[in-house]
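Dear colleague,

I am passing on the structure we spoke about, with notes on what was found in it. Please look through it with the notes beside you.

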Amino acid sequence: MGCSMQTPIVFFLWLSMATTLALGQGTRVGFYSKSCPRAESIIQSTVKAHFQSNPTVAPGLLRMHFHDCFVQGCDASILIDGPSTEKTARPNLLLRGYEVIDDAKTQLEAACPGVVSCADILALAARDSVVLTEGPRWEVPTGRRDGRVSLASDTNNLPAFIDSMDVQKKKFADKGLNTQDLVTLVGGHTIGTSACQFFSYRLYNFNSTGTADPSIDPAFLPQLQALCPQNGDGTKRVGLDNGSANKFDASFFTNLRNSRGMLESDQKLWTDDSTKPFVQRFLGIRGLLGLSFNVEFGKSMVKMSNIEVKTGTNGEIRKVCSAVN
């Protein structure tokens with residue numbers, strides 16, 4: 001009986017593995033260990049060099065990876081130049097850090113021509129950016145290939161700062177990410193800035209009421225109004241995590257609890273009944289099972305980095321990440 005059962009089991013396991021690979025989930029940690037052993041160290045040193053001269057590249061690269069994964073999957077389609085590409089869409093106009101990816105790619109092409117994908121460079125650079133801002137390090141599975149399609153019209157998939165919580169949850173669920181992933185990944189706003197144009201509407205005439213958004217701490221409001229005057233420069237940038245915009249930590253969630261979230265979509269994490277418990281768990285609220293933001297962020301980033309990835313013979317390895325297809 002043992003022999004009669006073994007063959008079907010082996011075949012089933014093989015079939016399961018083949019199906020998994022066919023679905024594009026073929027990434028693994030250490031993918032380049034033989035084909036390009038220095039790949040990860042080259043990317044790490046490149047990100048570090050750029051960060052030392054311009055720290056804003058860290059949150060920029062983290063956001064870029066996020067924006068890439070939500071459109072056509074994590075395939076570096078956001079890097080492609082040309083008219084009406086993702087890069088030209090309004091949600092992506094203020095992204096920064098493209099020169100870091102280009103620099104890393106140039107070095108990798110010199111060391112290992114045609115081996116390391118732009119998609120993997122972006123995934124690793126996002127992790128290295130978090131580490132440089134005193135955040136956690138996690139193992140990044142690699143083996144992604146680059147996509148050939150980049151359309152500005154596809155960026156409607158991106159979560160927006162005015163989205164309701166139900167819309168945000170649906171956009172994440174459509175990519176295989178749950179409510180905890182949503183709260184965790186939005187916590188990436190602990191580093192970086194936002195332009196005034198994305199939240200100043202909350203400060204003066206919220207929903208045409210002639211007053212500010214009532215969910216903003218009244219004591220905090222004058223500070224925001226001073227930073228973003230009515231009819232002022234909408235491109236002026238303000239830290240998303242008040243008091244700690246350059247350090248990766250859980251203070252972002254403390255600000256939400258204190259009604260000091262910059263973006264409307266961020267503050268809703270505290271006011272919505274389905275997301276608030278996760279914010280509380282990151283804050284270690286008594287009576288709730290606590291969560292470690294650093295640990296969970298790494299887990300959710302790995303999960304996100306495998307959205308609709310192209311592996312095997314699907315996609316390509318671009319020689320120039322910004323190449324127009």
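Which domains does the domain assignment of the protein chain give? It gives domain 1 (38-155) and domain 2 (165-304), the bounds coming from an automatic or database domain assignment. Please keep in mind that this is a predicted model, in which local features need pLDDT of at least 70 and side-chain atom pairs count only at pLDDT 80 or more, while totals for chains, interfaces and linings use all residues. Residues are numbered from 1 along each chain as its sequence is written, and side-chain values use heavy atoms, with hydrogens and water left out.

The C-alpha centres of the two domains lie 24 Å apart, and their contact (heavy atoms within 4.5 Å) takes 21 residues from domain 1 and 24 residues from domain 2. About 1900 Å² is buried between them, 71% of it given by carbon and sulfur atoms; buried area here is the accessible area (1.4 Å probe) that two parts lose on being put together, summed over both.

Between the domains the count is 1 salt bridge, that is, a side-chain nitrogen of Lys or Arg within 4 Å of a carboxyl oxygen of Asp or Glu. Glu134 forms a salt bridge with Lys247, with 4.0 Å between the closest N and O atoms.

On the side of domain 1 that touches domain 2, helix 3 (57-69) and helix 5 (118-132) each supply at least two residues, helices being DSSP runs (H or I, at least four residues) numbered from the N terminus. Helix 3 gives the largest share of that side, 7 residues.

Best wishes
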